[in-house]
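Have a look at the sequence and the fold first, then read on.

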Amino acid sequence: MSNAAEQSLSSFLTVRRAADRGHADHGWLDTRHTFSFAHYYDPEHMGFRALRVINDDRVIGGAGFPTHPHRDMDIISYVVDGSLEHRDSMGNGSVIRPGEVQRMSAGTGVTHSEYNGSKTAGVRFLQIWIVPDERGIEPSYEQRDFTEERRGALRLVASRDGREGSVTVHQDLSLYATELSAGTTVTHPVPPDRYVWVQMVRGRANVGGVQLHEGDGASLDAGLADELSIHADTDTELLVFELA
């Protein structure tokens, strides 16, 4: 993408700065809310298309979320540092580590717990909620490892049809993850009818002519660009959501 094209695209990106997110410190949990969640309510930030929640959670050693219920929501857990121990009423039990993606579809109802997998070290993970396009589906669960495949490239990690080995979500959405070394540039083609949300996990990158830092998000409405250029200024990790 040319400099002129980047400058033009930058005017179409809507940036959600990390410092403007909701914040709660519960002692055992320090959490940042990109969109309205729990006691944080902002009518201007209720979600983006079918993307309802991005919580950046940090949990101290030995702590976690005790067993609680969900219905009619697809929940993705993306571990950044440490490990996360999962248990649910479907009989699943696993430990999620960096590079792995877990998807749990609550459907007609499920209970689960998420605990720090370490008694001493902290865990940081993104809790992502996606509103499914159908209610009352049978609960289900998946977990897959994309550690190597996301390095230096945008790797599809979740999609409606589970293509390319991605986990399956019940919504017209494609989620890409990447780890980029400093100085690396990748481009993502954007179909004319798709909306995009970029979530910075860590690092610093130039996204479509806009500088984004850890915790920042940026959205692009449909029809405004045919591709999105991402240049990593430092070692960078980020997610790209492509939505109907």
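**Where does Met104 sit?**

In which strand is Met104 found? Met104 belongs to strand 9, residues 100-105. A word on the ground rules: this is a predicted model, with local features needing pLDDT of at least 70, side-chain atom pairs counting only at pLDDT 80 or more, and totals for chains, interfaces and linings using all residues. Residues are numbered from 1 along each chain as its sequence is written, and side-chain values use heavy atoms, leaving out hydrogens and water. Strands here are DSSP runs of E, at least two residues, numbered from the N terminus.

**Around Met104**

Met104 counts as buried because its relative accessibility is 1% (buried means under 20% relative accessible area, with a 1.4 Å probe and protein chains only). Leaving aside residues up to four places away in sequence, Met104 touches a set that includes His70, Met73, His86, Met90 and Tyr141 (contact means heavy atoms within 4.5 Å). Take Met73: it is 31 residues from Met104 in sequence, with 8.3 Å between their C-alphas.

Seven strands make an open sheet, ordered 1-20-17-22-15-13-14, with mixed pairing (two strands pair if DSSP finds at least two bridges between them). Strand 1 (14-16) and strand 14 (167-168) are the edges; each has a single partner strand, so one side of each has no neighbour in the sheet. Strand 1 runs antiparallel to strand 20 (residues 217-220), joined by three bridges, and Thr14 sits opposite Ser219.

Strand 18 and strand 19 form a hairpin with two residues between them, and Gly208 in the turn has a positive phi of about 60°. Asn206 faces Gln211 in strand 19 and also His231 in strand 21.

Conventions:
Helices (H or I, at least four residues) and strands (E, at least two) are DSSP runs, numbered from the N terminus. Buried means under 20% relative accessible area, exposed over 50%, partly exposed in between (1.4 Å probe, protein chains only).
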